[in-house]
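User: I would like to learn how to read a structure with two chains. Could you take me through it feature by feature?

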Amino acid sequence: MTPIQITYPNMMVILPEVVLSCWVFFMMMADLFIPKEKKEINAVLGLIGLAVTAVSVFMVLSYGDISSFNDSMRSDRFALFFKLLFIITAALAILISAKYIAIEGVNWGEYYSILLFSVVGMMVLVSATDLVTVYLGMEFMALSIYVLTGFIRHDVRSNEAALKYFLLGAFSSGLILYGMVLLYGVTGSTNVYKIANFLAANDNYSNPLMIASVILLISGFAFKIAAVPFHMWAPDAYEGAPTSITAFMSVGPKAASFAALLRVFLVALPVMKPHWVAIFWGVSAISMVVGNVVAVAQTNIKRMLAYSGIGHAGYILMGVIAGTRMGVASVLLYMLVYIFMSIGAFSVIILLRKTGVKGDEIKDFSGFARRYPSLGLCMLIFLISLIGLPPTAGFIGKLYLFAAAVEAEYYYLAVIGVLMSVVSLFYYMQVAKTMYIDEEIEGQELVPSRALTFVVYFCAAATLLIGMFPDGFISAAMAAVLPI
Amino acid sequence: MVTLEHYLVLSAILFGIGAIGVLVRRNAIIIFMSIELMLNAVNLSLVAFSRQLNSMDGQVFVFFIMTVAAAEAAIGLAIMVSLFRNKETLNVDEINLMKW
């Protein structure tokens with residue numbers, strides 16, 4: 001056996017992860033000294049930690065593309081783009097959490113630490129260029145999210161959501177692992193670049209082990225991004241989880257899984273492209289259809305957004321299928337856009353949560369916009385953006401995804417996507433109709449939280465800003481695509 | 001002579017038993033045990049491949065999987081305990097508050 005070469009690693013590659021991990025350890029210690037009624041201090045500490053991490057991301061950016069740890073971690077623009085997305089997502093999630101977890105009666109300090117640990121996991125995942133680090137990052141992220149999903153310990157729905165998410169998540173990890181092992185067995189390496197080189201040099205195109213490996217990897221990743229037919233966990237987990245965590249996991253883990261998916265399939269397995277494109281084509285089409293059609297029948301708004309999220313996973317897969325620079329850039333852009341519209345919509349739901357009132361049924365929104373015109377308008381902006389109509393960010397995001405699919409000549413897929421956007425018009429506008437036309441109801445007083453209303457207005461402003469002046473964001477996404 | 005194929009076939013059978021266990025068993029703990037069986041099937045193949053390919057990567061990978069599986073067991077059992085406190089069952093057919 002060849003001895004393992006150990007060289008001194010370039011720590012700059014994982015600087016943001018190190019900074020954030022150290023900060024979270026500090027937060028866990030500090031939490032012990034914070035009295036029970038002042039746990040909001042943890043939220044402030046978390047925001048400071050995220051700000052410091054953001055600074056470190058920009059520091060690393062000036063080093064260009066660097067990789068270290070035996071080529072198992074890589075810090076390039078692609079990874080740093082996603083790391084910034086996660087920092088924004090986590091900051092928004094912390095802002096909408098502070099009041100909400102107090103109302104739910106789970107105002108404990110570890111909430112923020114676990115949330116930030118999952119961000120560390122996502123950062124590892126987007127930097128990973130080795131199957132081992134991909135697996136580690138994915139589990140680090142997922143394990144933290146399982147805990148957060150079940151965070152309302154006294155609520156049986158939260159427990160149930162966590163159990164379902166946990167069992168199916170662990171099962172999907174098993175599938176991904178078996179796919180990785182077969183890949184390792186055929187190519188003799190776990191490094192994505194070595195795998196790509198081996199496959200390019202040897203003809204393994206129709207090797208049955210390779211095909212099995214691709215199928216297993218796709219099924220595992222489809223679980224993580226909640227695409228049909230592996231989507232069953234998503235509505236239950238979204239509904240039962242604390243709403244602030246639903247907002248977080250509708251964006252963060254999805255973006256991180258898409259990043260890992262792009263790295264594994266576009267960097268390591270370009271040779272197998274005809275195989276995986278065929279499967280992803282079906283997954284994408286059926287996700288768009290099932291997600292959007294089933295969303296029509298929902299009465300719980302968190303569940304409806306879960307199904308619409310399944311549909312959105314289908315749209316985003318179009319960019320992966322196209323596999324061009326344009327396709328990858330459109331995935332990055334859509335992930336950026338999706339943060340603001342999804343977290344924005346969920347924070348409006350949190351506004352309606354009071355002690356004793358759940359506020360997550362669509363009928364709870366009756367007359368909401370007539371009572372609170374400006375907040376109602378924000379919700380309308382999020383809904384329009386989720387449908388994908390101008391002048392919002394959702395339109396720009398979808399436009400680029402469809403354009404990438406058409407450019408790569410996947411016309412049918414683009415047609416299905418447009419048709420399903422029309423279906424989505426129906427159920428999103430149902431909410432808008434409830435807000436604007438239905439009678440006002442009792443008990444719609446809002447949670448008095450400035451942080452929460454700030455997030456709603458901020459997300460609405462960002463959604464409009466990206467929709468009207470998309471140039472800077474598009475060029476940022478184009479600059480961050482993988483070298484393919 | 002035990003060859004690589006033997007290990008791979010055994011590993012595939014174990015993985016299959018685990019996957020079927022996840023799909024047909026109804027007790028959450030047994031489902032979780034089946035998932036662990038799948039992970040161990042993966043470990044078996046990794047070690048077999050590592051020996052065959054003369055590379056250490058596979059064995060290093062096994063250590064990571066075992067570590068993560070231990071953390072996963074801790075979290076999974078904690079979730080089951082908190083569910084059991086509220087509901088007094090771990091039968092997944094009865095864990096159905098939320099349904100489409």
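**Reading a buried loop residue and a chain contact**

Analyst: Leaving aside neighbours within four places in sequence, A:Leu269 is in contact with A:Leu183, A:Leu199, A:Met210, A:Val214, A:Leu217, A:Val264 and A:Trp276. Keep in mind that this is a predicted model.

User: Where does A:Leu269 lie in chain A?

Analyst: A:Leu269 sits in the loop that links α11 (252-268) to α12 (273-295) of chain A.

User: Is A:Leu269 buried or exposed?

Analyst: A residue is called buried when its relative accessible area is under 20%. A:Leu269 has 0% relative accessibility, so it counts as buried.

User: How far is the C-alpha atom of A:Leu269 from that of A:Ile195?

Analyst: The two residues are 74 residues apart along the chain, and their C-alpha atoms are separated by 7.7 Å.

User: What share of the contacts in chain A with a separation of 6 or more joins residues 24 or more positions apart?

Analyst: Such pairs account for 81% of those contacts. As for burial, 66% of the 484 residues in chain A are buried.

User: How does the radius of gyration of chain A fit a compact globule?

Analyst: The comparison starts from chain length: for 484 residues a compact globule would come near 23 Å, and chain A has 22 Å, which agrees. The C-alpha trace of chain A spans about 70 × 55 × 40 Å along its principal axes. Its secondary structure comes to 20 helices and two strands.

User: Now the interface. What is usually given as its size?

Analyst: Often the accessible area lost when the parts come together is quoted. Here chain B and chain A bury about 4100 Å² between them, with 78% of it on carbon and sulfur atoms.

User: Which elements of chain B give two or more residues to the side that touches chain A?

Analyst: They are α1 (4-24), α2 (28-53) and α3 (57-87) of chain B. The largest share, 18 residues, comes from α3(B).

User: How do the residues on that side of chain B divide by type?

Analyst: There are 31 nonpolar, 11 polar and four charged residues on the side of chain B that touches chain A. The contact as a whole takes 46 residues from chain B and 45 residues from chain A.

User: How many salt bridges and polar contacts are there between the two chains?

Analyst: Between chain B and chain A the count of salt bridges is zero. Four residue pairs are in polar contact, both residues being at pLDDT 80 or more.

Definitions and conventions
Residues are numbered from 1 along each chain as its sequence is written. Chains are lettered from A and ligands numbered from 1 in the order in which they are written. This is a predicted model: local features need pLDDT of at least 70, side-chain atom pairs count only at pLDDT 80 or more; totals for chains, interfaces and linings use all residues. Side-chain values use heavy atoms; hydrogens and water are left out. Contact means heavy atoms within 4.5 Å. Buried area is the accessible area (1.4 Å probe) that two parts lose on being put together, summed over both. A salt bridge is a side-chain nitrogen of Lys or Arg within 4 Å of a carboxyl oxygen of Asp or Glu. A polar contact is a pair of N or O atoms within 3.5 Å; within protein, one must be able to donate a hydrogen and the other to accept it, and residues adjacent in sequence count only if both atoms are side-chain atoms. Helices (H or I, at least four residues) and strands (E, at least two) are DSSP runs, numbered from the N terminus. Ala, Val, Leu, Ile, Met, Phe, Trp, Tyr, Cys and Pro count as nonpolar, Asp, Glu, Lys and Arg as charged, and the others, Gly among them, as polar. Buried means under 20% relative accessible area, exposed over 50%, partly exposed in between (1.4 Å probe, protein chains only). The radius of gyration is taken over C-alpha atoms; the globule rule is 2.2 Å times the number of residues to the power 0.38.
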